[in-house]
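Reader: I have a model open and would like to go through the side-chain contacts. Can you take me through them?

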Amino acid sequence: MRDLSEIRKDIDKIDSQLLELFKERMDCAKEVGRYKKANNVPILNQQREDEILDEVEKKGGEYGAYARMMYTNLMELSRTLQYNIVGGGEELRNLIANARPGLETDSFEAANLLFPNGRLGCRKTFAEVFEAVENGEAEYGVLPVENSTAGSVSAVYDLILEHRFYIVGALDMEINHCLAGLRQSELSDIEIVWSHPQALAQCAEYIASRGYKSVPCENTAVAARDVAHEKRLNVAAICSKAAAKAYGLKLFEENIQDEKGNTTRFIVISKTLCISENANKISLCFSLPHVTGSLYNLLARFSSLGLNLTKIESRPRAGREFDYLFYLDFSGNVHSASVVDLLSRLSEEMPEFSFLGNYFEAK
């Protein structure tokens with residue numbers, strides 16, 4: 001067996017040769033980019049890339065899979081260089097350039113925090129919030145998308161992917177659930193609790209320990225409203241303190257969630273794109289081509305630019321077996337040229353690509 005220092009010397013020698021060959025290859029890629037620009041040739045030729053990768057894997061022998069991975073990255077770097085020469089993504093670039101200034105949330109409390117001077121209105125379902133924005137009844141909609149205890153709110157992600165409205169703001173808010181009922185009731189009277197399924201899940205241990213029957217409602221504010229209207233002494237709502245106050249309910253107990261530090265992420269949706277100077281989060285949706293490694297290749301692009309992915313959600317498409325749409329969040333700002341270049345490339349390569357917004361997420 002050779003000494004480690006000798007092996008490393010050989011590696012250093014090979015690396016220096018690889019680096020020079022890499023530079024030569026990128027020079028060729030640059031020439032290809034100039035040719036494609038002059039002759040209006042598309043940057044991506046998926047068939048040619050697949051043929052090359054198949055051949056590389058075949059010739060790579062026992063290292064075939066590794067060779068394919070290396071060449072996949074090489075091709076991505078070559079395409080990046082060519083896109084920088086050719087340009088592209090003009091529709092997306094114009095959309096971003098013409099965006100309005102952006103915003104510098106249990107949904108009831110979140111809306112109050114995000115729009116302290118706004119005229120607030122509640123809707124019974126998440127779908128009705130989207131409908132209100134669609135119909136112009138509301139300029140903005142505030143919706144929960146994820147909870148640190150109960151996970152993603154799948155119904156909202158489905159609606160995001162269906163409507164493709166812009167996300168123009170976000171807020172991570174600590175949620176303190178309360179048990180609230182009629183002023184004539186006592187805590188000992190309570191047998192049934194009403195709330196949104198997410199809130200019921202976040203308070204599951206509390207509910208079980210008291211033997212309450214849980215009944216799902218459209219949201220926590222609606223639960224508080226219905227308890228006030230139904231006037232049943234044995235029914236209470238799990239809701240926010242603000243919602244209980246708004247509907248004249250008595251607080252029996254506060255902070256009843258199972259996990260302290262229970263946090264929900266809320267987003268603000270709009271039909272108009274707004275981007276603030278201090279925007280720190282970007283959201284996208286897209287489908288992926290049905291080729292091996294397509295998701296890996298996509299994620300590698302973000303990694304190569306040092307961009308931090310904070311969320312990826314896949315949702316099945318109705319009527320299409322094993323076909324998915326993807327929702328993705330990452331930290332970034334479109335004032336960065338490298339970020340805009342990446343988005344422009346994705347907009348031209350990814351099927352059903354939509355830029356959903358660049359916004360500030362408050363903590």
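Author: Start with a salt bridge: the side chains of E254 and K241 meet at 4.0 Å, N to O. Keep in mind that this is a predicted model.

Reader: Where do E254 and K241 lie?

Author: E254 is in the loop between β8 (250–253) and β9 (263–270). K241 belongs to helix α11 (residues 241–246), so the pair ties together parts that are 13 residues apart in sequence.

Reader: How many salt bridges does the count come to?

Author: The count comes to 25. One of them joins the side chains of E20 and K23, at 3.5 Å from N to O.

Reader: And where do E20 and K23 lie?

Author: Both are in helix α1 (residues 4–39), 3 residues apart, which is about one turn of the helix. E20 is partly exposed at 42% relative accessible area, and K23 is partly exposed at 43%.

Reader: What about R93 and D341?

Author: Their side chains meet in a salt bridge too, with 2.9 Å from N to O. R93 counts as partly exposed, at 26% relative accessibility.

Reader: Which residues are linked in a network of salt bridges?

Author: E49, E76, R79, R301 and E349 are linked in one.

Reader: Changing topic. How many aromatic pairs does the structure hold?

Author: There are 5 aromatic pairs. Take Y157 and Y327: their ring centres are 4.9 Å apart and their planes are at 65°. Planes over 60 degrees apart count as edge-to-face, so that is the label for this pair.

Reader: Which parts of the chain does that pair link?

Author: Distant ones: Y157 sits in helix α7 (residues 154–163) and Y327 in strand β12 (residues 324–331), 170 residues apart.

Reader: Are Y157 and Y327 buried or exposed?

Author: Y157 is buried, and Y327 is buried as well.

Reader: On to the nonpolar core. Which residues touch the most other members of the largest one?

Author: L284, F286, F302, F330 and F355 do, out of 33 residues in that core. Elements that give it two or more residues are α4 (90–97), β3 (166–174), β9, β10 (281–286), α12 (294–304), β12 and α13 (337–349).

Reader: Which element gives the most?

Author: α13 gives the most to this core, with 5 residues.

Reader: What is F286 in contact with, leaving aside its neighbours within four places in sequence?

Author: With that exclusion, F286 is in contact with L298, L325, F326, L328, M350, P351, E352 and F353.

Reader: Cysteines next. How many disulfides does the count come to?

Author: It comes to 0.

Reader: Last topic. Where is H196 found?

Author: H196 is in the loop between β5 (192–195) and α8 (197–202). H196 is buried, with a relative accessible area of 14%.

Reader: What lies 2.9 Å from a polar atom of its side chain?

Author: The backbone nitrogen of Q198 does. Setting aside neighbours within four places in sequence, H196 is in contact with F126, C217, E218, N219 and T220.

Reader: And P197, where is that found?

Author: P197 is in helix α8, and it is partly exposed at 41% relative accessible area. Beyond its neighbours within four places in sequence, P197 is in contact with P216 and C217.

Reader: How far apart are P197 and C239?

Author: They are 42 residues apart in sequence and 12 Å apart in space, C-alpha to C-alpha.

Key: Residues are numbered from 1 along each chain as its sequence is written. This is a predicted model: local features need pLDDT of at least 70, side-chain atom pairs count only at pLDDT 80 or more; totals for chains, interfaces and linings use all residues. Side-chain values use heavy atoms; hydrogens and water are left out. Rings of Phe, Tyr and Trp (its six-membered ring) pair if their centres lie within 6.5 Å; planes under 30 degrees apart count as stacked, over 60 as edge-to-face and the rest as tilted. Helices (H or I, at least four residues) and strands (E, at least two) are DSSP runs, numbered from the N terminus. Buried means under 20% relative accessible area, exposed over 50%, partly exposed in between (1.4 Å probe, protein chains only). A nonpolar core is a set of buried Ala, Val, Leu, Ile, Met, Phe, Trp, Tyr and Cys residues joined through side-chain atoms within 4.5 Å. Contact means heavy atoms within 4.5 Å. A disulfide is a pair of cysteine sulfur atoms within 2.5 Å. A polar contact is a pair of N or O atoms within 3.5 Å; within protein, one must be able to donate a hydrogen and the other to accept it, and residues adjacent in sequence count only if both atoms are side-chain atoms.
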